[in-house]
Amino acid sequence: MLGKDLLVYLSLKYKGDFKKMVKAIHEKETVKDEVALEEIKKIKSKYITVLDDAYPEGLRNIYMPPLVLYYYGDISLLKSEEVRVAVIGSRECSDYGRDITKELVDPLARKHRIIVSGLARGIDGVAHDTCIKANGKTIAVLGSGIDYPYPASNKSLYEEIKKHHLLISEYPNKTEPIPDNFPARNRIVAGIAHKVLVTEAYVNSGTNITVLYALRQGKDVLAVPHEAKKNSACNRLIQDGAFLVESPEDVLYLTEK
């Protein structure tokens, strides 16, 4: 059995759990070829492994590079020369956060920046939707199985991205999301993006995990300032050295090639 097939089978068996897959490889877990190949045939989505040329270079050297990526849509977006901008933020976004995200993402999409996000409620969904409406291209990184639309409120976005953009996950088939999946998902969001833009987040937010991964990977972080005394992670990021952005012009300049 090819090494690629082994990785895919282990991904199916362990539901994309990186640590369990690596342990199985190190312990040279016994795998029956006919069983593995039969399970692989059942996969509905497309997939690439870390052994494939199509695997994105931005993920090869990150912490726990996903061994298998399942996807629907245009995989070439991961190799595109266009700048990929991760737009991230709070699930419980305010009207201001929603409006500023739209204001910044629309010109980014029209100027051929590829918008990356996590298809979550709030800022993620606004970023994907705004990009699509501006006729741009977007990549959604799931914290659930590639065939498990989550959250249900974004199912229509899931279907649109699946057909016309790029939907990716390290979790196979209909793997249900668990809390640990989302921090893990964030390392992929940061890994495939060239820049990270935070439009609204709270100090104790999962958004900060994505930012930390981005900084470790040497990526620029951009943040929108917010009103004082509002528990804003954006303001804290700016204090710590993130680029302050207030207008589409700021973001376009900072996301040039």
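How many nonpolar, polar and charged residues does the lining of the second largest pocket have?

Reply: By class, the lining of the second largest pocket has six nonpolar, nine polar and three charged residues. Please keep in mind throughout that this is a predicted model. The second largest pocket has a volume of about 250 Å³, and 18 residues line it, with Gly-89, Arg-91, Ser-205, Gly-206 and Thr-207 lying nearest its centre. Three elements, S3, H8 and H9, each supply at least two residues of this lining, and H8 gives the most, with five residues.

Helix H9 covers residues 207-216, and within it Thr-207, Thr-210, Val-211, Tyr-213 and Ala-214 are buried. Viewed down the axis of H9, these buried residues fall within an arc of 160°, so they line one face of the helix. On the face of H9 that is turned away from its buried side, one finds the exposed residues Leu-215 and Arg-216.

As for what the buried residues of H9 pack against, the partners are strand S3 (84-89), helix H8 (181-192), strand S7 (195-200), strand S8 (220-223) and helix H10 (233-239). Two of these partners, S3 and H8, are also among the elements that each supply at least two residues of the pocket lining. Just after H9, Gly-218 takes a positive phi of about 75°.

Of the 20 residues that line the largest pocket, the closest to its centre are Asp-17, Tyr-171, Asp-180, Asn-181 and Ala-184. Helix H2 (18-26) and H8 each supply at least two residues of that lining, and the largest share, four residues, comes from H8. By class, the lining of the largest pocket has nine nonpolar, three polar and eight charged residues, to be set beside the six nonpolar, nine polar and three charged residues of the second largest pocket.

Two further features complete the surroundings. The structure holds three aromatic pairs. One of them joins Tyr-148 and Tyr-150 in a tilted arrangement, with 6.5 Å centre to centre and 45° between the planes. Both of these residues are partly exposed, Tyr-148 with a relative accessible area of 25% and Tyr-150 with one of 37%. Together with Phe-182, Tyr-148 and Tyr-150 form one aromatic cluster.

Finally, the structure holds one cavity of 30 Å³ or more, and the largest cavity has a volume of about 40 Å³. The residues that line the largest cavity are Ser-11, Gly-16, Phe-18, Met-21, Pro-66, Leu-67, Val-68 and Glu-170, which by class are five nonpolar, two polar and one charged.

Technical notes:
Residues are numbered from 1 along each chain as its sequence is written. This is a predicted model: local features need pLDDT of at least 70, side-chain atom pairs count only at pLDDT 80 or more; totals for chains, interfaces and linings use all residues. Side-chain values use heavy atoms; hydrogens and water are left out. On a 1 Å grid over the protein atoms alone, a cavity is a set of points where a 1.4 Å probe fits but cannot get out, and a pocket is an open set with protein on both sides within 12 Å along at least five of seven lines; lining residues have an atom within 4 Å of a point. Grid points are joined across faces, edges and corners, and a volume is the space filled by probe spheres set on the points. Ala, Val, Leu, Ile, Met, Phe, Trp, Tyr, Cys and Pro count as nonpolar, Asp, Glu, Lys and Arg as charged, and the others, Gly among them, as polar. Buried means under 20% relative accessible area, exposed over 50%, partly exposed in between (1.4 Å probe, protein chains only). The arc is that of the directions from the helix axis to the C-beta atoms. Contact means heavy atoms within 4.5 Å. Rings of Phe, Tyr and Trp (its six-membered ring) pair if their centres lie within 6.5 Å; planes under 30 degrees apart count as stacked, over 60 as edge-to-face and the rest as tilted.
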